[in-house]
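Here are a few notes to read alongside the structure. Keep the 3D view open and find each residue as you go.

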Amino acid sequence: MATKSTFIDTSTECAICFESLDDDPERTIVLACGHRWHFECLKVQLESAQPSRSKRLIFSGCRCAKCAAFCDHPQLENLTRRTDALRGKVDGLVAEQLKADTPEAWEYAANDADSKARLIDEGRRSYAFYLCGGCDEPYFGGTIECADEDDGELTTSEDRLCQSCSPKSQVVCKDTYEHRPFHVWKCRYCCNPSRFVCYGNVHFCDDCHDKNSQRSRGLGPAKLEGIPCCGGGCLFPKPAGCERHSNGSSLDCEQVYHCALCNSSPSGHSFEELPGSRNFIINPSGEEGTRGWQAHPRHRNWDIERIDISVDESTRCNFVSSYYWCVMSQSIPLHHIVRHPSLARIEISAKYMGRTDCPSIFKLQAVVMNSQKSVIHQSSTSLLTAPADFWEKASLIIEPVEGAHEVAMIVCGKDERFWQGNFGSKVCHCSIRVLGTQEELQNILISGQHQMNSRYLRERFFEIFLPILIIIFLWMLSD
């Protein structure tokens with residue numbers, strides 16, 4: 001119970017019913033904040049404010065209408081006990097989400113109580129939480145901005161299940177509660193992996209989320225339509241017994257593609273790899289130092305270390321970051337390897353991990369440029385927390401981009417404690433591949449022999465021609 005305020009409320013009327021207040025403790029009560037109300041009026045207010053599974057959790061009805069302090073009085077405990085407990089749980093979820101979304105701000109506020117309180121308060125005003133229809137516990141369900149634009153298409157408590165209770169999660173994950181941040185959901189309206197969750201359980205990719213935002217503002221069609229799955233040509237896993245994904249507004253269109261933690265556990269998981277070409281990145285794991293990689297001004301360089309936890313039988317090194325953002329990039333001329341770069345579907349990926357003694361973060365970015373070196377498309381992962389004892393895979397899929405001429409991957413990493421030395425996230429198996437079946441690649445890629453020759457010459461120029469040039473130079477001097 002909060003400390004009773006020394007403030008004395010001299011009001012003569014209840015601000016809810018506007019009838020006179022008296023000194024009868026059965027009829028008039030004084031809250032811990034000092035304000036006077038009719039007991040029955042507050043009782044009706046708090047009963048109306050009880051959480052519902054069909055709406056997002058809102059605690060404003062549990063506050064004193066005069067000062068916004070939460071209602072606190074012994075006679076109201078039966079009505080405030082549950083909401084007080086839920087508020088504590090929601091604050092824990094707010095902190096968990098802030099740490100994932102804004103790790104730098106959270107780290108900065110960790111040792112400053114006022115900064116942390118302000119950040120938590122900002123999270124309360126930004127995030128939407130719902131009651132699970134299964135376990136009756138609160139869970140993160142998107143942002144208030146989306147929730148307030150439109151209630152969405154979920155109206156029953158059965159539609160709102162936390163990831164732990166969802167049977168769709170249980171199909172692919174062995175520990176749905178502990179692994180819930182690592183579940184990769186399908187977009188409800190298309191086949192792409194989702195980047196957003198709104199209204200409690202509706203998952204969206206970037207494009208569908210933008211379309212839904214336009215729809216809710218009256219700038220697009222009144223109803224968001226699903227994009228049909230192409231069936232055999234779709235590279236994402238289908239539900240058991242189905243040849244196509246179901247895409248649309250129905251709850252049946254939700255699917256968990258995989259649990260990243262289960263799939264990449266140290267128990268010998270083989271990473272899923274979409275069918276496609278070989279890797280075009282030079283020096284993908286640091287075996288040759290930083291050859292082929294370009295450092296970025298105002299950022300630290302990645303360093304090289306011997307690999308501690310094996311990712312496969314042949315990789316012996318990995319890149320490692322430090323206390324400040326380490327950034328490196330490498331670009332691939334699509335017009336040298338693909339007949340029609342504008343039609344190429346590209347995968348940019350890398351495997352990353354951290355250390356057990358120092359938390360770290362990782363980010364992968366992709367940029368597509370035209371022949372004038374202008375950026376015409378870019379995408380990025382969110383800030384990813386690097387797992388401490390196993391390798392995880394981050395990937396970006398770039399659909400065909402009109403005017404594509406060159407593609408670059410940008411790899412970013414750092415530790416979260418600002419420790420001197422190389423204690424940040426690690427990365428290996430950096431990759432840029434053209435996706436497609438072998439038959440499709442025969443039509444997409446430039447002649448294999450020409451491609452291999454041009455790449456071989458580009459990669460081995462200094463190894464082959466520099467010694468020859470030195471010999472010729474010395475021979476000329478001797479004459």
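1. Let's start with the lining of the largest cavity: nine of its residues are nonpolar, none is polar and one is charged. Please keep in mind that this is a predicted model. The residues around this cavity are Leu334, Pro341, Ala344, Ile346, Val368, Ile398, Glu399, Val401, Ala404 and Val407. Which of them is the charged one? Glu399 is on the list, and Glu belongs to the charged class.

2. How much space does the largest cavity hold? About 40 Å³.

3. Now turn to the second largest pocket, whose volume is about 400 Å³. It is lined by 18 residues, and Phe59, Ser60, Arg63, Arg124 and Arg125 are the closest to its centre.

4. What kinds of residue line the second largest pocket? Its lining has 10 nonpolar residues, one polar residue and seven charged ones. Arg63, Arg124 and Arg125 are among the lining residues, and Arg counts as charged.

5. Which elements build this lining? At least two residues each come from α2 (77-101), α4 (113-126) and β3 (127-131). The biggest contribution is from α2, which gives four residues.

6. Next, look at the largest nonpolar core, which has 36 residues. Inside this core, the residues with the most contacts are Ile348, Phe362, Met409, Val411, Val427 and Val434. The elements that each supply at least two of its residues are β12 (326-333), α9 (334-337), β13 (346-353), β14 (360-369), β17 (392-398), β18 (406-415) and β19 (426-434). There is also a second, separate core with 16 residues, including Cys14, Cys41, Leu46 and Cys62.

7. Finally, step back to the whole protein. Its 479 residues include 44% that count as buried, and its secondary structure comprises 11 helices and 19 strands. Among contacts with a separation of 6 or more, 68% join residues 24 or more positions apart. The protein exposes about 25,200 Å², and 53% of this area is supplied by carbon and sulfur atoms.

Methods: Residues are numbered from 1 along each chain as its sequence is written. This is a predicted model: local features need pLDDT of at least 70, side-chain atom pairs count only at pLDDT 80 or more; totals for chains, interfaces and linings use all residues. Side-chain values use heavy atoms; hydrogens and water are left out. On a 1 Å grid over the protein atoms alone, a cavity is a set of points where a 1.4 Å probe fits but cannot get out, and a pocket is an open set with protein on both sides within 12 Å along at least five of seven lines; lining residues have an atom within 4 Å of a point. Grid points are joined across faces, edges and corners, and a volume is the space filled by probe spheres set on the points. A nonpolar core is a set of buried Ala, Val, Leu, Ile, Met, Phe, Trp, Tyr and Cys residues joined through side-chain atoms within 4.5 Å. Buried means under 20% relative accessible area, exposed over 50%, partly exposed in between (1.4 Å probe, protein chains only). Contact means heavy atoms within 4.5 Å. Accessible areas come from the Shrake-Rupley method with a 1.4 Å probe; for residues, only the protein chains shown count as cover.
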